[in-house]
Each structure stands twice: as C-alpha cells, then as structure tokens.
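The following exercises ask the reader to work through a structure step by step. Each task is followed by its solution.

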Amino acid sequence: MPPAIPPAERLLNLVIALVNTSGRMTKEQVRASVAGYQDAPSDDAFERMFERDKDTLRELGIPVLTVTDAGHGDDIGYRIDAEQYALAPLDLTAGELGVLAMAAQVWQDQSLRADTSRALTKLRAVGAAPQSTDLVAGLAPRVRSGGGAIGPLLDAVQARQVVRFVYRAANTGEVRERTVEPWKLLARRGGWLLVGRDRERDAPRSFRLSRVEGTVRLVGAPGAFEPPPAEELASALHPWEERPERVATLAVLPERAGAARARAVPAPDDAPDVRSDPRLAAVLAHRDVVHVPFRLDWELAEELVGYGDAVVVLDPPSVRHAVLHLLRTAATLDRTTVGGGTDG
Amino acid sequence: MAERASDRLLRMLGMITYLDRHAGVPVEEIAEQFGVTADQVLSDIDTLWVTGTPGYFPHDLIDFDAASYEQGVVRLTESRGMTRPLRLGAREAVALLAALRALDSSLRPALDAEQSAVLSSALDKLTTAAGDAAAALDVRLGLDAAPEVATAVATALRNGRRLHLRYVDASDVTTERDVDPLRLVTDDERSYLLAWCRLVDGERLFRVDRILAAQVLDAPVADHTVAPDAAEFQPGPDGELVTLHLRSSARWVAESTPVEAVRNLDDGSFEVDLRVLRPAWLRHLVLQVADEVLDVRPARVATEVAAAARAALAAYGPLADEEG
C-alpha cells in the first residue's frame, strides 16, 4: 500500500484540480480523481474530509464556488475562480518585505500572529528577492493585544455582525451583558477600545477590551446593520482623537522631577512671564522654571501630583487646579480613611 | 509542534508564484524568502513536483528543471496555471496593517530617512491592498522616548552595541549604568527597553520615557540568557503588603499596575493588594487616585500621603488660595 498522501499535498491537488477544471467537478469526481481523497475509508470520512478542506481553503482566501447544473437537478459541482482569489498587482521591494516581516512579530496574541504570518507568506510570493535589511528583530515592539476579544471583533466589524459580551462598566462597576453593533477597533496608549452602537441604549458607546469579561460572541447574520453615518462615527471617535499639544510652565526643585525635565522644551513665545510676577517670588526663590509639553490636563496633573512638593504648576490654571484638587483630597486621607477599621 | 497543513499549503502556493516571477533561484534563497529551512524547501519542492491536475501523468504535473535542481537551483517549468498570487483575507490584511501602524507610531522617531521612506511605502502599499478593511482598526501607540534616546536605542539594538544610560526611576532617583539592550517591549500603556543591566547583573525593564540620556558604546553586547517572561512585570514576594480600596472609576489601577490580588465588591468598588518596594512609588499612585480612595491599609500609608499632600499645598503658597 502506498504511503498516505499528506493533507497539504491533498489540498494542493484539490486547488489545482478546481482551478483547471473546464466547468466544474462534482464531489464524486473529486473523490475518484483528485489524489489524496482515495485514502478516505468510507463515504462519511470522505464527506468530512472534503467539507473540512473547503473550509480550510475559504479561510485561506481561496473560495470554492458551488455550481449547479440546470440539466441535472440537485447535482452540485465545484470550481475555484482564480481571478476571484487573486491579489491585486502589488510589488514589494526587499526592504518593504523586511519591514513587513518585522511587523509580523508585533502581536503577542496567538490569533493575530497567525493572521499576520499568513499575510506575510502571501506577500513574500510577490516580494523581491531577499537582501540583508537594516531593520532587524529586537527593534520591533511587541504589543500585548487586548486578549482573545480582538479576533472575533475584527471579524464582526468586517462582516457588520452584532456582538454580545459581558462588560464591567468603569464608572459604576456594574457587570452586564451588552449587545453592540461594532464599528471600529482602536489601539491607543492606555488600551484597546471598541467603538459601536449599544443596542439597548440605542446610542454610540466606547468599550475597553480590558473590561470585557469572558468571550465575545457573534450573534445573528452578517450585514445586520448599516455602517454608521460619517458624522455619528466621527463624534463617537472624537474622545479618542489626539489633542493639540500645549506647554505647561512648572516651578521645580533643583535635581528633582528628572523624567519631566527630560522632555522640557524652551519657553514658548506665549509663556507667562513668571519671573516678573511678584506673587510668585516666594515660590520661585529656590526653584527652576521648566516648560513641559502635554496634551491632556488630567494626564499631566496625575503625573505631576506624584512629585509632591518638588513640582509647582504655574500655568495653565486648568492643570494647576486639577493638581490642587488631588492634593486637597489627599491631604485629608488620614481623616477620611480608617485603615481597614482596625487602627484608624 | 508540527506545521499546520494550511500554512504549508499557503507557502507552497506562494513558491509557485515566486518561482514563476524569478527564473532559477537557489534553494537557500527560497528558504530565506519564506523564512523556513532549506530542508523544508526541498520537501516542499518534492511535494509540488508530484501534484497537478487529475490523471497525474507527467504533462499534468507541476514541473521543475531537474538538471538545475541537481545543482541546488530551482527553476519552474510548468505551473499548471497556479501563478496568481493569493488575495489577502480581510483579517490578515488588517492584522498586518495594524502591526505596521504600531511599528510606525512607536518606531518612527528611531528611524533614519531611508528606513523611514521604506516604512512609508510599505504602509502605503499595504493600505491599498487592504482596501476597505483598513478602516476597521485604528492604531496609535506612541513610543514615548525623546528622539535622541530613541535613535540611540535603535542603533544599539541594530548593531548589537552596549548602551550607557542615565535613568530616573519611579522614586525620582537618577542613576547611570551600562546595559546590553535586548529588545523594545510596548504594552497598552508604555514602551520599555528590556536590557541586561550590568549594574545589577540581571535583566531589567526600563521605561523609555524615563531614560534621560542614552549613549551608544563601542563595546558589543555580551550573550545573556533571558527568562522567557522577562518582559512581564512580576510582583515579587518582597516588599510591604498594601491594600487599596478604590471606587470603580479607578479600575485602571487593577489593569495597569502589577497587583497581587483584586477583589471586586458588590457595590462596584474593589480592593487591590500591592507589594510595595518603593514608598515613593506608592505615594505617587495614591496621590493620583486620591479622589477614588475609599480606604488604605495599613493606615500609616494614608498618614504619609496626607503629609506629602499638605507639604505640596504649602509649596503652592498664595497660588493654592487663588480659587475657593
């Protein structure tokens, strides 16, 4: 008995047969003539093998088309349309391929890694011959993605399919099932987000993937909702857009707040003239004036409050107020907390 | 782990396309192109050679120039119409494009003009190939390093050189040290340099936004054995156990801080247990979440934080009284 034909070889024979067939091939023809299917010990085993192979090919982007013959009733045939699966003309230089190979290492998440490595194999086929590239591994960042939710959500966004998941709300801590029309996935410093329409609330919402508990399920059929109007999408995305950069003016004790000093910039033209303000003379007596760029008030306030008395925020007032608010609250912590009720 | 049949199929189809476009390619070059061993290429070619259209007579089969193959050079002579490159699946295109954008947003400052141009053109071509699917995902992860630091780190990683770092830690203490850089690690929140620190003779993660200065040294990096989980923060068994009881809106503390345990309470609030090695780090954390703190154990921590806050308010002087 000849050795069994390995699955990859059988799949390859199936693809070549269905691409080259003049019209179509029936299941029986596949079983009788395509090398590899003769190994199936029974009708059932053949059916399972053929169905699985069709699924595999579809997953790889090679759809097997079903062709019915008007003359033969329920006699179903199959073929693969080579034009349909072809990649649009794309030529990649060795350097570009090197960059893509590096990008393929970015995800630490298994399912995203599998997807990127498949994409890379397909692109390598049309890439220029390899040559040593300057961009090497080690330089590539490794990104921890938002857990198992990303894969199903990407599919759902693509297919416009409704998803359902259990979510822990940040402001109330409430844990509840959500049904969402997924619009877009965002990767931001601070985590992954899903933006979509919460069906129950009938309003756009953002969800942090880190607060999704358990698995994300796709429910209902693809194409279940219309893409959101551009305006609605833009307003839902607005909170996650990057804010314009501004510059804060700080009074810093010598040798302190090293990380803030490290990104200091020269005084901008519109910086307040703090040295000539008599009210600030005492604050500035033993401090350096440092200008630090920032985008979000609360982000800078949370960073600077940690330096305690080493940093005094002079400008803008919005950041100073945010820091002062945190300091005032913290200043009473020894009275508002009880230390577990044991020794307070 | 054995390779999946689908991955091997994909590569074999890719090889036909590639060999159709490049006449006569040495086995080693094919191996490099597809990122596999030369033995794997030989095995793939042997399989390709016996596949074809039903009948499987010699003229039905995919064929190569045998004389050339003997010399270790693969020349495709019959492709059975299989030369079209495969389209990218929507998810494949998006996953790769998102990775490329992550690379772009974190690495761009570390690249020279030529590398930057290559990255841009790769991004353009892939965005076009992905078509509508590209809109599904939006990636913006900044590498928060100063440009000079990013350039020095990139150069050292690329050339395998030792780095001299001036680094300020979470307690605002600045130190100088030599490190052998291993790689960049970016999580949801920040970027880190994983390196072998010669000061402590062990692997350490350095937050790149806390690297004040980096200088590429002439010395090459030494070989180090690094634990596979080196890029993960592990709360150690040392340090004082501190428990924070926080309102739900401070959930990010449980998500982005190495915590030992999280307990969700019925009213939506939660408790986290932390192992604290550096009091300054804890003080910073509690000041940041002051609005959300319901309780702190031990009570001494609250006393220390409150004292630090009062000292800071005093430093503001008249500025603190400005608004009611």
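The model is predicted.

**Exercise 1.** State how many helices and strands chain A has, and what share of its residues is buried.

*Solution.* 
Step 1. Chain A contains 13 helices and 12 strands.
Step 2. Of its 344 residues, 37% count as buried.
Step 3. Consider next the contacts in chain A between residues at least 6 apart in sequence: 63% of these join residues at least 24 apart.

**Exercise 2.** Determine whether chain B is a compact globule or more spread out.

*Solution.* 
Step 1. Chain B has 11 helices and 14 strands.
Step 2. The globule rule gives 20 Å for 324 residues, whereas the radius of gyration of chain B is 28 Å, well over that value; chain B is therefore more spread out than a compact globule.
Step 3. Along the principal axes, the C-alpha atoms of chain B fill a box of roughly 90 × 55 × 40 Å.
Step 4. Buried residues account for 41% of the 324 residues in chain B.

**Exercise 3.** Describe the open sheet of three strands in chain A and the helix that packs on it.

*Solution.* 
Step 1. The strand order is S1-S3-S2 in chain A, and the pairing is antiparallel.
Step 2. The edge strands of chain A are S1 (25–26) and S2 (64–68), each of which pairs on one side only.
Step 3. Two bridges link S1(A) to strand S3 (residues 76–80) of chain A in the antiparallel sense. Met25(A) has Tyr78(A) in S3(A) as its bridge partner.
Step 4. Helix H1 (residues 7–20) of chain A packs on this sheet and touches S1, S2 and S3 of chain A; the direction of H1 makes about 100° with that of S3(A).

**Exercise 4.** Which strands pair with strand S6 (residues 175–188) of chain A, and in which sense?

*Solution.* Strands of a sheet pair through backbone hydrogen bonds, either parallel or antiparallel.
Step 1. Within chain A, strand S5 (residues 162–168) is joined to S6(A) by six bridges and runs antiparallel to it. Here Tyr167(A) stands opposite Arg176(A).
Step 2. Strand S7 (residues 191–198) of chain A is also antiparallel to S6(A), with eight bridges between them. Leu186(A) faces Leu193(A) in S7(A).
Step 3. Leu186(A) stands opposite Asp138(B) in S5(B), and Arg188(A) has Arg140(B) as its bridge partner.

**Exercise 5.** Characterise the contact between the two chains, and the crossing of helix H6 (residues 110–124) of chain A with helix H5 (residues 90–107) of chain B.

*Solution.* 
Step 1. Chain A gives 112 residues to the contact and chain B gives 114 residues. The largest share of the side of chain A that touches chain B comes from H1(A), with 10 residues. That side of chain A divides into 60 nonpolar, 26 polar and 26 charged residues.
Step 2. The axes of H6(A) and H5(B) come within 8 Å and cross at roughly 100°.
Step 3. Angles of 65 to 115 degrees count as roughly perpendicular. H6(A) and H5(B) are therefore roughly perpendicular to each other.
Step 4. Residues of H6(A) in this contact include Leu112(A), Asp115(A) and Ala119(A), while those of H5(B) include Arg91(B), Leu96(B) and Ala99(B).
Step 5. By class, the contact of H6(A) with H5(B) comprises seven nonpolar, one polar and four charged residues.

Note on methods:
Residues are numbered from 1 along each chain as its sequence is written. Chains are lettered from A and ligands numbered from 1 in the order in which they are written. This is a predicted model: local features need pLDDT of at least 70, side-chain atom pairs count only at pLDDT 80 or more; totals for chains, interfaces and linings use all residues. Two strands pair if DSSP finds at least two bridges between them. Helices (H or I, at least four residues) and strands (E, at least two) are DSSP runs, numbered from the N terminus. Two residues are in contact if their C-beta atoms, placed from the backbone, lie within 7 Å. Axes are lines fitted to C-alpha atoms, for helices over the stretch in contact, and angles run from 0 to 180 degrees between N-to-C directions. Angles under 35 degrees count as roughly parallel, over 145 as roughly antiparallel, 65 to 115 as roughly perpendicular and the rest as oblique. Ala, Val, Leu, Ile, Met, Phe, Trp, Tyr, Cys and Pro count as nonpolar, Asp, Glu, Lys and Arg as charged, and the others, Gly among them, as polar. A residue is buried if 20 or more other C-beta atoms lie within 10 Å of its own, exposed if 12 or fewer, and partly exposed in between; C-beta atoms are placed from the backbone. The radius of gyration is taken over C-alpha atoms; the globule rule is 2.2 Å times the number of residues to the power 0.38.
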